[in-house]
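Please work through each task before reading its solution.

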Amino acid sequence: MNAPPIVRIEQVTKRFGSFAAVDAVSLAIPRNAFFALLGPSGCGKTTLLRMLAGFEQPSEGRILIDGEEMAAVPPNRRPVNMVFQSYAVFPHMTVAENIGYGLKVTGVPRPEIERRVAEAVAMVRLQGFEERRPDQLSGGQKQRVALARALVKKPKLLLLDEPLSALDRKLREEMQLELVRLQHEVGITFVIVTHDQDEALSMATHIAVMNRGRILQISDPRSLYERPRTRFVADFIGQVNVFDARLLDRGETGVRVMVEGLGEIEVPEREPPAEVVALAVRPEKMEVRTEGPQAGPLQLAGRIGQIAYFGDHSRIFVECDGLRLICIRHNRSRIEETPLAEGMACYVSFRPEDAVLLSS
Amino acid sequence: MAERRGAPGPLEYTRRLWLRAWLAATFLFLYAPIVILVIFSFNDSRRNIVWRGFTTKYYAKAIANASLIEAFTNSLIVAFISTVVSTILGTLLAMALWRFRFPGKAAVEGANALPIVIPEICMGVSLLVFFSRIGLMGGISWPVSLTPVVIGHIAFSFPFVAVVVRARLEGFDRSLEEASKDLGASEWQTLRHVLIPFMKPGIVAGALLAMTLSLDDFVITFFTSGPETITFPIKIYSMVRFGATPEVNAASTVLIAITLLLTVIAMRLQTPVREEETR
């Protein structure tokens, strides 16, 4: 896997006035990746995507797509196509005309257009809809038209700007699977912008978390969730219990940290961050018991504050010495063995290897 | 229809008798003269005061009236040229105002609205003074002699086109333009395949508006036309001065029909595209 990356972004900054929407970002997107730019709204992810498409020019730095410098290349000459958040399906053209538009304007001969449009229509499963107009399509169908229209151009890079945000939940989940299937099928690198962490985690092979114009972490979904490096990332991706902590010393097998409310803990972490400020534990790694204390140090006594029932799991909020912890209990059986109730005294415990050390 | 009971609601104006009467009175006031004009164009009477039976002979007479037909031709020529030019100018202006930010934009927008609000009589007089000053009035032969009228008509009708096209452009999703470029289209291709089709209803409506305005304009035409270049409305005016014969009615009816037709087309094209329902 030593192929050069398809996209190289080098020290790119984009300023609007004095505000840096994207601030000295460098990243490489590997070939055939499903790359997600994830962050809260206004973090610069869309600006970064628009710079890849060519709709914005970097104030500083450079962007290379497949080894080629993009600064002087206008959007219509980039080997890149985009699926817009609003879909931007041309209202006065039929589905087939929409899909064939990009081929028509670049002078592809008519028989080839017809063949490739038919292929693209089949790929997004819109057979029978070729002659429909966009106002006769549902949101999901328009989305497919936008996808087919971009993919029919066989770009080196497909950009997707919050593609699923306008769909309702069930359709969104369907389209997530569909996008992953398409990406495997066409073998094109996908770059998706999203603020929805579930979307990023379930679809992407690589996720870059952005905040305030900077990239905080780039990882595969699992590492991002299980090994977030900073407080922001841990907090943004999923839910987490964060304890203030500081590093005491490093050993061969792990580090000792002083954790507020828990005391001294040894965490089997071989590469802790240089500066530890917090210790985080995901709620599903926290166990809530009502029976008396067990052996082992990582135990907190508390009282159940609130229980939120979600069907497949319940979120249990436990008050411990002024800390409010969130724990997830999976409802694996129909019969609740140890029923929990609000106000009960309880013990919360977790294993030290499930704890993550965070820097600021 | 389910039967509604109780007192009529505030918006149920069709259920209040006095409001209905008011509506009827308004329509009567607005359209009765026109209806009578049309009816009396078929009146078989020279004096045209009392109804003396149905005839279409005054239509035939109007068609046989050479100077009336000449005036009609002039009107059509003026309307055609001024419509084409003002549609192009108005559309370009609308696009410039919609798309760009430039110093003095507000002033340009204001100046654009000026011919719409300025009294026609002022515009007519000022155009007359201006054209005489540069020597465009009189002493030139037909059809060049129509030039001042055409220029006058363009001047007052292209702002209407601009307003209509601009209103249409407000609903344009900029990402359509970006999508077009993203798919490989040049600026010109985007204009041709995306922007113009989108503006088309506005352009057509604006053009029809310009055409109706030009066809029945009297005041500005009166000031800018020379003695030999008479347009249809002016001809009718001069005919009325020698008595309102059914011939005048017949000619006016034709003008009304043309104007009505163009207005209906313009209105139908202007009805906004219904927002596509999502799902």
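**Exercise 1.** How many residues of chain B are in contact with residues of chain A?

*Solution.* The model is predicted: local features need pLDDT of at least 70, side-chain atom pairs count only at pLDDT 80 or more, and totals for chains, interfaces and linings use all residues. Residues are numbered from 1 along each chain as its sequence is written, while chains are lettered from A and ligands numbered from 1 in the order in which they are written.

Step 1. Contact requires C-beta atoms, placed from the backbone, to lie within 7 Å. On this criterion, 19 residues of chain B are in contact with 22 residues of chain A.
Step 2. On the chain B side, the elements giving two or more residues are α7 (174–182) and α8 (187–215). Helices are DSSP runs of H or I with at least four residues, strands are runs of E with at least two, and both are numbered from the N terminus.
Step 3. The largest share of this side, 6 residues, comes from α7(B).

**Exercise 2.** Determine which strands flank β8(A) and whether β8(A) is buried or exposed.

*Solution.* 
Step 1. A residue is buried if 20 or more other C-beta atoms lie within 10 Å of its own, exposed if 12 or fewer, and partly exposed in between, with C-beta atoms placed from the backbone. In β8(A) (residues 189–194), 6 of 6 residues are buried.
Step 2. T189(A), V191(A) and V193(A) point one way, F190(A), I192(A) and T194(A) the other way.
Step 3. Pairing requires at least two DSSP bridges between two strands. Strand β3(A) (residues 34–38) pairs with β8(A) in the parallel sense over 5 bridges, and A36(A) has I192(A) as its bridge partner.
Step 4. Strand β7(A) (residues 157–161) also runs parallel to β8(A), joined by 5 bridges; here L157(A) is partnered by T189(A).

**Exercise 3.** Describe the pairing of β11(A).

*Solution.* 
Step 1. β11(A) (residues 241–250) and β12(A) (residues 255–259) run antiparallel, joined by 5 bridges, with L247(A) opposite V257(A). A hairpin of 4 residues connects these strands.
Step 2. β11(A) also pairs antiparallel with β14(A) (residues 278–281) over 4 bridges, where N241(A) stands opposite V281(A).

**Exercise 4.** Why does α4(B) lie largely in the open?

*Solution.* 
Step 1. Of the 13 residues of α4(B), the number buried is 0, so the helix lies largely in the open.
Step 2. At 1.5 Å a residue, its residues 105–117 should span 18 Å, and the end C-alpha atoms are 19 Å apart, which agrees. The expected span is 1.5 Å times one less than the number of residues.

How values were computed: Contact = placed C-beta atoms within 7 Å.
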